[in-house]
Number of protein chains: 2
Amino acid sequence: MHSGAERVLRYEGKAKRVYRTGTPGECVIEFTDAATAFNGERKGEISDKGRINCATTSIFMAMLEEHGVPTHVIRQLSETELLARDVEIVPLEVVVRNIAAGSFTRRLGVPEGTPLSRPIVEFSYKRDDLGDPLLTRSHIEVLDLAPADVVAELEVRALRINELLRSHMVDRGVTLVDFKLEFGHTADGELVLADEISPDTCRFWDTATGDKLDKDLFRHDLGDATPAYQLLLDRLGATGVPA
Amino acid sequence: MHSGAERVLRYEGKAKRVYRTGTPGECVIEFTDAATAFNGERKGEISDKGRINCATTSIFMAMLEEHGVPTHVIRQLSETELLARDVEIVPLEVVVRNIAAGSFTRRLGVPEGTPLSRPIVEFSYKRDDLGDPLLTRSHIEVLDLAPADVVAELEVRALRINELLRSHMVDRGVTLVDFKLEFGHTADGELVLADEISPDTCRFWDTATGDKLDKDLFRHDLGDATPAYQLLLDRLGATGVPA
């Protein structure tokens, strides 16, 4: 735990804790080793995941910022902590899919690994009690979850992030299958990418071997996930915690 | 059973049988008393339903045709049979919702009876083995289920049909809550409304009493559905089988 600053637990998620700091508009995000799947039905730990996902998220967010995508991350504070801007989360999970996997295969009867003819964006209602149900644009409108211009902008950003992540990973021998994003508004109304980008929230396949390098190892009990998470981080060329 | 014409069973659905006739491009649709719910998990009969739904569908389809909406129905042949144009069904269920009910309430946590700020159209994949999953426009595109211009036209037609049905029923003291449509292409490529319009495929509430006049009575075991189906037909002013 980062010492010195006053902090108050603001929110405890399934794999992260968010603390208030003494500075308005900022928060500290602590990544933990806790792992859940299938909306909390499966629970456990992936050892060292907090450190790995914190580093992975930090690298991805910095890469996106370099390419003009605003994110909530200010800087990495410690092995498991990021300093971030406070945001009000848009209550939508934004999923981008390049290849059929996960709920897409189960719901629609498409075999895992089927390439999609183009990347698609799905929106789900961020409601654990309902199992994060899929939404259409009409649902978002009549439930008043986000204005239409924000939804359109989320789709544009999600597709841009997909292009950036995908080409970044192709160069590192990793196929980006799909991923989930969350966005939020800062106090001054800026829409920024929030949450994390890690093997908890993305499906990554080793392009050469097809090996899964993500939480599907935990979801489906396919073996120790830690080495796969670490391999993904190694491919990103991480060289330790920034000062 | 209508006598005289040669007929071959072409398709047996959950509540209807479709026969080929001797005439190319035509078929006979027989309405049965069989009732199913929750994707076939609940099965039974609603006595006299075949007759009532055949008459109800015949009246609704004729009303829509009068207002310029093309349908597959040619004419009623007998108490339980319609003569219809053969169509290749678009593999989408088109649902229109005015008021929250059914899967909308369960999936999205909205109380039954909540009016929606505007009518919405949902598309589901017509796949019993998958439980007819909800689709987004992107799903329809990447699964190649229907061209974008057909999907756009389905939405326009569904909303037009909603306006016509809703105002027709308002005048008869019945609230149209939601309904499911199917469309198909005739041999010469015309897109027409197909299937049926009945208390099996619509939710109707008595505006004065709130009583359900539809298959929810069967789905949720709320009492004998036959009198409710008959009441709905009576409200439509049915005066027996056309000659």
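How far apart do the C-alpha centres of domain 1 of chain A and domain 2 of chain A lie? The answer is 18 Å. Before clicking on: this is a predicted model, where local features need pLDDT of at least 70 and side-chain atom pairs count only at pLDDT 80 or more, while totals for chains, interfaces and linings use all residues. Residues are numbered from 1 along each chain as its sequence is written, chains are lettered from A in the order in which they are written, and side-chain values use heavy atoms, with hydrogens and water left out.

**Stop one: the two domains of chain A**

Colour A:4–85 as domain 1 and A:88–223 as domain 2; these bounds come from an automatic or database domain assignment. Between them, 28 residues of domain 1 are in contact with 28 residues of domain 2 (contact means heavy atoms within 4.5 Å). The two domains bury about 2,400 Å², 62% of it on carbon and sulfur atoms; buried area is the accessible area (1.4 Å probe) that two parts lose on being put together, summed over both.

Six salt bridges are counted between these domains, a salt bridge being a side-chain nitrogen of Lys or Arg within 4 Å of a carboxyl oxygen of Asp or Glu. Now select A:Arg85 and A:Glu190: they form a salt bridge, with the closest N and O atoms 2.9 Å apart.

**Stop two: where chain B meets chain A**

Show both chains. Here 23 residues of chain B are in contact with 22 residues of chain A, and the area buried between the chains is about 2,000 Å², with 60% from carbon and sulfur atoms.

For a salt bridge to display, take A:Glu141 and B:Arg118, whose side chains meet at 2.7 Å, N to O.

**Stop three: B:His72**

Finally, zoom to B:His72, in the loop between α1 (49–66) and β6 (73–78) of chain B. (Helices, H or I of at least four residues, and strands, E of at least two, are DSSP runs numbered from the N terminus.) Is B:His72 buried or exposed? Buried, because its relative accessibility is 3%, where the cut-offs are under 20% for buried, over 50% for exposed and partly exposed in between (1.4 Å probe, protein chains only). Leaving aside neighbours within four places in sequence, the contacts of B:His72 include B:Ile29, B:Met61, B:Arg85 and B:Asp195.
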